[in-house]
Amino acid sequence: TYTDSGRTNGSTYYYAVSAVNSFGESADSNLVAVTPGPAPAAPTGFVATAQNDRVDFSWNSVSGASFYSVSRSTVSGGPYAVVSLTGGTSVSDFNVTPGATYYYVVAATNDTGTGPFSSEEDVTIPAPPPPPAGLTAMPGNAQVFLSWSASAGAQSYAVKRSTTQGGPYAEVVSGLATTSYTDNT
């Protein structure tokens, strides 16, 4: 590899490479033409918002950008892998796992290259709580008393019932704030 520094932005340069050893020099490689210029600036205003099944992104437009690449990593600082390319300033990532934390950046690209990454945004995908453990049932006179252990992250509980083992289950009550319920219906 070789970096030809100090070229003039906007001027077109043509390159070829040959191989050399003690017996001589090869023919030239294929020819390439390139016009150096400034890559776009890093996008500003990058915002990543976690939803139940996706992450939504938006950022400010960058002058001279042809398209944008949103990249993610599972560790802060990368390495990042591109998850979406777009010509606009908003996009979503639907390939997410509930409970996982991701680190995202966006970069602008034009004919001269890809600019630097934006600031990093981290998001954790919402996940439902684990199922309650330790469900017990105590029979009574035309009623059943149920109790269970609290489930981490639960905001409320729903009780379901069936007259057949394995269901189908119908919801009896939802929105319970406690870890017990008496079914007298």
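In this predicted model, Gln165 counts as exposed, because its relative accessibility is 82%, above the 50% cut-off for that class. Gln165 lies in the loop between E15 and E16. Its C-alpha atom is separated by 41 Å from that of Thr49. Along the chain, Gln165 and Thr49 are 116 residues apart.

The loop between strand E15 (157–161) and strand E16 (170–176) also holds Pro168. The peptide bond from Gly167 to Pro168 is cis. Its omega is near 15 degrees. A cis peptide bond also joins Gly78 and Pro79. Here omega is about 15 degrees. Pro79 is placed in the loop between strand E7 (67–73) and strand E8 (81–86). Most peptide bonds are trans, and most residues other than glycine have a negative phi.

Ala142 has a positive phi, near 60 degrees, and is a residue other than glycine. Ala142 is found in the loop between E13 and E14. These two strands form a hairpin with 2 residues between them. Ala142 counts as exposed because its relative accessibility is 68%. E13 and E14 pair in the antiparallel sense over 5 bridges. Within this pairing, Gly140 stands opposite Gln143 in E14.

Strand E14 (residues 143–147) pairs with E17 over 4 bridges, in the antiparallel sense. Val144 has Asp183 as its bridge partner in E17.

In a regular strand the side chains alternate between the two faces of the sheet. In E17, Tyr181 and Asp183 make up the covered face. Ser180 and Thr182 make up the uncovered face of E17.

Strand E6 (residues 55–58) and E9 run antiparallel and are joined by 4 bridges. Ser58 has Ser90 as its bridge partner in E9.

Aromatic contacts were searched across the whole structure. The search finds 7 aromatic pairs. A pair of aromatic rings is described by the distance of the centres and the angle of the planes. One aromatic cluster is formed by Phe46, Phe57, Trp59, Tyr68, Tyr102 and Tyr104. Tyr102 also has a charged group over its ring. The charged end of Arg72 sits there, 4.3 Å from the ring centre.

The largest pocket holds about 330 Å³ of space. Its lining is made up of 15 residues. Among them, Pro132, Trp148, Tyr157, Ala158 and Val159 lie nearest the pocket centre. E15 gives the largest share of the lining, 4 residues. The loop that holds Gln165 lies between E15 and E16.

Conventions. Residues are numbered from 1 along each chain as its sequence is written. This is a predicted model: local features need pLDDT of at least 70, side-chain atom pairs count only at pLDDT 80 or more; totals for chains, interfaces and linings use all residues. Side-chain values use heavy atoms; hydrogens and water are left out. Rings of Phe, Tyr and Trp (its six-membered ring) pair if their centres lie within 6.5 Å; planes under 30 degrees apart count as stacked, over 60 as edge-to-face and the rest as tilted. A charge sits over a ring if NZ of Lys or CZ of Arg is within 6 Å of the ring centre and within 35 degrees of the ring normal. Two strands pair if DSSP finds at least two bridges between them. Buried means under 20% relative accessible area, exposed over 50%, partly exposed in between (1.4 Å probe, protein chains only). On a 1 Å grid over the protein atoms alone, a cavity is a set of points where a 1.4 Å probe fits but cannot get out, and a pocket is an open set with protein on both sides within 12 Å along at least five of seven lines; lining residues have an atom within 4 Å of a point. Grid points are joined across faces, edges and corners, and a volume is the space filled by probe spheres set on the points.
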